Amino acid sequence: MEIALIGNPNTGKTTLFNNLTDSYATVGNWPGVTVNPKAGRLKGTATDLIDLPGVYALTPLTKDEEVVTLYLLDHCPDLILNVTNAGQLKRNLLLTLEVREFGQPMILDLNMMDEAAQQGQHFDLVALSQALGCPVVTTNARTRRGLAQLQAQLQAHQPLAPLKLTYPPQVEQALQQATQALTNDYHVPAPLARWLSLQYMNQNQVVRRAAAFRNLQPLLEQRATYDTQHFEEQIFNTRLAFIEKILARGQQAPATRATTTVLHRFDQLLTGPWLGLPCFILIFWLIFKLAFDWVGTPLSDRLDALLSGPVAANVNHWLTLLGALPPLRSLVVNGLLAGVGGVLVFLPQIITLFACIAILEDSGYMARAALVMDRLMQMIGLNGKAFIPLLIGFGCNVTGIMAARTVEQPQARLVTTLLAPFMSCSARLPVYSLIVAAFFPHHQAAVVLSIYFLGIGIALLAAKGYQWYFHTTESAALIIELPNYHRPRWDIIWHSTWDKSKGFLHKAGTVIFAGTVLIWALTSFGPTGFVTDPTHSFAAGLGKLSAPYFAPLGFDHWQIITALFTGILAKEVITASMMVMFHATNQTVLIGALSTYLTPGAAYALLAFILLYAPCFATLGTIKQETGSTKWMLWSLVSSFVIAYLVAGLINLGSHWL
């Protein structure tokens, strides 16, 4: 049995999915959190739950919204769970009617009942159920209220007849003719034929492409008639009138009051044109102070002392007692333990950063960040909605690029995809932590924050260049729902933080492990075989060959340059590579080695270069997948390297003048 979860964005659909299954999917209250269907198993059953992206209607505007319509065309779920925001029921019911007309059994869930109750709203569930012809339940997914009753309904659902609204005579006549023709000539079941006809008349482009592909002549021949007679508008007005009618019977809403609460005033300041951007900068400054000064770095130092001290000494001692060969001891102690361990010591800083971001997500601030940045984004031909994938890119560029599907205009979506690699993903944090600890120990948070904003600034400048190239004159207006503020739930914070940190640990055990072995081999072997002097190794040869080209940037030492090459595999590997190639037993030793090779200006140039140069393999692959073009993937690779080289060169040059 398969149950599909369908609903508007910001209805608590994914939170409900997590509570009903043993799975964990990323939770948020801004567009782009769910861009692909997620599957889970209903607790205690063999029933599959499918969490579909949030949509306002089955007529898609963006690539992620197409997923829902395509799913309904290609699948036939046994049951549809339509999750709504009880406090915004009128708007949510537009999607509900489209789903009920689809004809599959459906349960309507009025979620977020706590917010509806705070607004003084009450519902007659019997009246709503009778009007819509389906069971209606109430839940509050954040507090898990009503979940037991919902699970019981999911397992005891009954077949339902499709909802049939009475449309204007002209539309109804056309519907009957198209339905009959599809049923008789193409053997389409009558309920599906009526739904397809309605969606076709409603200018659903996914359905129209499907109809053209299957050569459904009863629809194709009448397309001009449907459009010229404005069937889309008539269908919308009929649905809206039906919604108002059933809400008049099934909803008791309070009289409208013009009250301004303290929270509303606070929100106006937080998102206003004058204080919005300074507040945004202040919030992220506090996050980086926590991650790099107050919490993350002290814990990282203790973990480094543990791994490089007792752990390394004991491993080396036992390998010696077991009679391990020197190359094997070198691989384990100087390669794997130094490389992988050198990355793992930064885990406390990464966990702290992820936890802070999770708090912002669950509190309702992330959607407001898009609103704050909208005015700035409008200047470069985009809107605040395009900033959301860039924000998501702070965690991982791959997910940020995938979240660009929420951008409506194809051209703006392409530009957003190409800008995402300029966002500083969490994979770069270990090498940032290392360099700022070596050269800027008293200003770590401020320096790292400046690198993040440098990435945003370069992205904005690049977007301006794309605006000129594509001749974009104006951008679409930002339409985004601002969720209510929530008190963050600690279990959601924990799950979100652990889910992201788990990905980092997985890389440490796979990509970084493999990269460390590769770097150890390159630094331990040369043309003459196994070498004890790394300057005669293959890695040294590669680095020295490239050194003259990096000299204008302020770093021309072969260890640093070779480590940068490995960063194309994954940015986390840079730190592990440096640990191996400098033969550093711990973070302190590596910091001392770096401080002898670089000036503070060259160190900042190195930070900028690591931020901007070639995206990792996974990001390049995602760019190709999302754009469907090798050309744009190669353009991203080459252009980012050129920009990184120019910016790092200017920073290094400027540092000599200061």
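This is a predicted model: local features need pLDDT of at least 70, side-chain atom pairs count only at pLDDT 80 or more; totals for chains, interfaces and linings use all residues.

Trainee: Which residues touch the most other members of the largest nonpolar core?
Mentor: Leu419 and Tyr432 do, in a core of 118 residues. Helix H23, residues 444-470, supplies the largest share of this core, with 14 residues.

Trainee: And what does Tyr432 touch, leaving out residues up to four places away in sequence?
Mentor: Ser424, Val448, Ile451, Tyr452, Leu607, Ile610 and Leu611.

Trainee: What's in the second core?
Mentor: That one is separate and has 53 residues, among them Leu58, Leu128, Tyr226 and Ile243.

Trainee: New topic. Where is Thr21?
Mentor: Thr21 sits in the loop that runs between helix H1 (13-20) and strand E2 (38-41).

Trainee: Buried or exposed, that Thr21?
Mentor: Buried, because its relative accessibility is 2%, and the cut-off for buried is under 20%.

Trainee: What does its side chain reach?
Mentor: The Thr21 side chain reaches the backbone oxygen of Phe17 at 2.8 Å. Beyond its neighbours within four places in sequence, Thr21 contacts Gly40, Arg41, Leu42, Lys43 and Leu49.

Trainee: Why does Cys356 count as buried?
Mentor: Because its relative accessibility is 12%, and buried means under 20%. Cys134, at 2%, also counts as buried.

Conventions
Residues are numbered from 1 along each chain as its sequence is written. Side-chain values use heavy atoms; hydrogens and water are left out. A nonpolar core is a set of buried Ala, Val, Leu, Ile, Met, Phe, Trp, Tyr and Cys residues joined through side-chain atoms within 4.5 Å. Buried means under 20% relative accessible area, exposed over 50%, partly exposed in between (1.4 Å probe, protein chains only). Helices (H or I, at least four residues) and strands (E, at least two) are DSSP runs, numbered from the N terminus. Contact means heavy atoms within 4.5 Å. A polar contact is a pair of N or O atoms within 3.5 Å; within protein, one must be able to donate a hydrogen and the other to accept it, and residues adjacent in sequence count only if both atoms are side-chain atoms.
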